Amino acid sequence: MFLPQPRHAGVCAAALMLAAIVPHQAVSADQYHYLTSNEARGTSLSTQWQNSGATMTRGPDGTVIYLYGQTQPSVVCSPLQLCEIQLQAGEMVRDVLVGDTVRWKVEPATSGSPEGQRIHLIVKPSDPGLQTSMVVTTSRRTYHIRLKSQSSGYMARVAFEYPEDVQAQFDAINARIEVSTIPGAGIPAENLDFNFSVQGQARWRPTRVYTDGMKTYIQFPGQMTSGDAPVLFVISGGENRIVNYRLNGTMMIVDYVFDRAVLLSGVGRSQQKVTIQRRG
């Protein structure tokens, strides 16, 4: 007689063995993945940069402005809306690489004259709740941008401020200050007092005399050595008094402010004399 009982037991045992094996086969490969200490450190450093606080400002036209290179900027978009990422004027785009090319579309647009043409990247997500990254290489730099989408609320315009542009602005300001600064005093002309008169004739007759309130500066038409320079006497109480001063190129710097002084060179008939008088 054929008995099915043992066969049923064999099937059950096989099923139990298969059940024991299947969970091991379903384990994700990520559970077996590990990072070396250097890889973990590199990932941590990159994450710190990606998630570091960004300096953002708002432009007059509502543009969200990031400081380039400070962090990985996030651009938040929304389906059925357009996000515009504005690049620097004159910057040419080489490549635009997006992690998710199926659900994110990026198209170029341009503005401005041919001499100062500006490229804009128009970003469009297909759905909310998406996240990917984008790398844009240009003729000047590389942008690493995080793209996110949500159902409502988005960044219509995004642009960048560049550290070299900020430095150029400071350089331009410093250049303007330097042009307006009178030699010797090292401060802007509007902070100086030029209320001096110069009388007399000499080959070294000063071109201007001024004070910053602490020192008096006498500028000559050409550089002189100590042997060629006239001697300065300050007139005080009807007497000529020698005071401390020094020569710096074309400038004679007196260590205090005087009201009247005389410059002398030579002796006898060849003597040359110039008088300096403070007015007011």
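This is a predicted model: local features need pLDDT of at least 70, side-chain atom pairs count only at pLDDT 80 or more; totals for chains, interfaces and linings use all residues.
Residues are numbered from 1 along each chain as its sequence is written, and side-chain values use heavy atoms, with hydrogens and water left out.

Reader: In what order do the four strands of the open sheet stand?
Author: Strands are DSSP runs (E, at least two residues) numbered from the N terminus, and two of them pair if DSSP finds at least two bridges between them. The edge strands, pairing on one side only, are β3 (74–77) and β5 (93–98). With mixed pairing, the order is β3-β9-β8-β5.

Reader: Is R141 buried or exposed?
Author: R141 is in the loop between β8 and β9. Buried means under 20% relative accessible area and exposed over 50%, with partly exposed in between (1.4 Å probe, protein chains only). At 10% relative accessibility, R141 is therefore buried.

Reader: Over the face of which residue does R141 lie?
Author: A charge sits over a ring if NZ of Lys or CZ of Arg is within 6 Å of the ring centre and within 35 degrees of the ring normal. R141 is 5.4 Å from the ring centre of Y68.

Reader: Why is the pair of F196 and F258 edge-to-face?
Author: Rings of Phe, Tyr and Trp (its six-membered ring) pair if their centres lie within 6.5 Å; planes under 30 degrees apart are stacked, over 60 edge-to-face, and the rest tilted. The centres of F196 and F258 are 6.1 Å apart, and the pair is edge-to-face because the planes stand at 65 degrees.
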